[in-house]
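Colleague: I am new to this structure and would like to learn how to read its features. Please give me the general idea each time, then the case at hand.

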Amino acid sequence: MKYTTEIIIDLPREEVIQKLDNPDNMRHWQRGLVNYKLLDGTPGKEGAKMELEYKMGKRQMVLTETITKNNFPSEFHANYDTKGVHNIQQNFFHETPEGKTRWVSESEFQFAGFGMKLMGFLMPGAFKKQSLKYLTDFKNFAEKGTSVTEES
């Protein structure tokens, strides 16, 4: 399953990248993030691996992020792996003539096992909605300082 989401952030690209490239900021825009830790490599560099732990309701999820390309400020690509799911993310950051940032995120999900494949087939909208929610939450954090940790 492949799709693209995008959002305009009312900040210059350099400021967007500065906020995005700080792992301590992830908790402010990635709902459910409980913990993260470096597993291998140099933080933010190609080949670096990080474990991301999420709690969503009563469900725990652990992802492994592998950075495949870091060419900030224009692009950042990573793979995210968890049981039965391989997610390829390609993120592009464009400066607009108005001095804003257009973040274009290309997502590809590859599913293993019948249950995950069925979920991907039956609920593609849920994946797209979640991706757009992350972009929107980042926009709110970057522009207004709104943190998802402050919501109940």
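Modeller: Start with exposure: a residue is buried under 20% relative accessible area, exposed over 50%, and partly exposed in between, with a 1.4 Å probe and protein chains only. Leu 118 has 35% relative accessibility, so Leu 118 counts as partly exposed. Before going on, note that this is a predicted model, where local features need pLDDT of at least 70, side-chain atom pairs count only at pLDDT 80 or more, and totals for chains, interfaces and linings use all residues. Residues are numbered from 1 along each chain as its sequence is written, and side-chain values use heavy atoms, with hydrogens and water left out.

Colleague: Where is Leu 118 placed, and which residues form a nonpolar patch with Leu 118 on the surface?

Modeller: Helices (H or I, at least four residues) and strands (E, at least two) are DSSP runs, numbered from the N terminus. Leu 118 belongs to helix H3, residues 114–122. A patch is made of residues with over 30% relative accessible area and no salt bridge; like charges are joined within 9 Å, and nonpolar side chains (Val, Leu, Ile, Met, Phe, Trp, Tyr) within 5 Å. Areas come from the Shrake-Rupley method with a 1.4 Å probe, and for residues only the protein chains shown count as cover. Here the nonpolar patch consists of Phe 114, Leu 118, Met 119, Leu 122 and Met 123, with about 510 Å² of accessible area together.

Colleague: Which residues of the largest nonpolar core touch the most other members?

Modeller: In soluble globular proteins, nonpolar side chains tend to be buried together. A nonpolar core is a set of buried Ala, Val, Leu, Ile, Met, Phe, Trp, Tyr and Cys residues joined through side-chain atoms within 4.5 Å. The largest one has 25 residues, and those touching the most other members are Ile 9, Trp 29, Leu 52, Trp 103 and Phe 138. Two or more residues each come from strand S1 (2–9), helix H1 (13–20), helix H2 (26–29), strand S3 (49–56), S4, S5 and helix H4 (124–144). H4 gives the most to this core, with five residues. A second, separate core has five residues, including Val 85, Phe 109, Phe 111 and Phe 127.

Colleague: Which residues does Phe 138 touch?

Modeller: Contact means heavy atoms within 4.5 Å. Leaving out residues up to four places away in sequence, Phe 138 touches Ile 9, Val 16, Lys 19, Leu 20, Trp 29 and Trp 103.

Colleague: How many aromatic pairs are there?

Modeller: Rings of Phe, Tyr and Trp (its six-membered ring) pair if their centres lie within 6.5 Å; planes under 30 degrees apart count as stacked, over 60 as edge-to-face and the rest as tilted. The count by this rule is twelve aromatic pairs. In one of them, the ring centres of Phe 72 and Phe 93 are 6.0 Å apart and the planes are at 55 degrees, so the pair is tilted. Phe 72 lies in the loop between strand S4 (59–71) and strand S5 (75–82), and Phe 93 in strand S6 (residues 85–95), so the pair ties together parts that are 21 residues apart in sequence. Phe 93 is buried, at a relative accessible area of 1%. Ring pairs also link Trp 29, Phe 72, Phe 76, Phe 93, Trp 103, Tyr 134, Phe 138 and Phe 141 into a cluster.

Colleague: How many salt bridges does the count come to?

Modeller: A salt bridge is a side-chain nitrogen of Lys or Arg within 4 Å of a carboxyl oxygen of Asp or Glu. The count comes to nine salt bridges. One of them joins Glu 6 and Arg 102, whose closest N and O atoms are 3.5 Å apart. Glu 6 lies in strand S1 and Arg 102 in strand S7, so this pair ties together parts that are 96 residues apart in sequence. Glu 6 is partly exposed at 42%, and Arg 102 is partly exposed at 29%.

Colleague: How far apart are Glu 143 and Lys 139 in helix H4?

Modeller: Both lie in H4, four residues apart, about one turn of the helix. Elsewhere, a network of salt bridges links Arg 31, Lys 133 and Asp 137.

Colleague: Is Thr 96 buried or exposed?

Modeller: Thr 96 has 16% relative accessibility and so counts as buried. Thr 96 lies in the loop between S6 and strand S7 (101–111).
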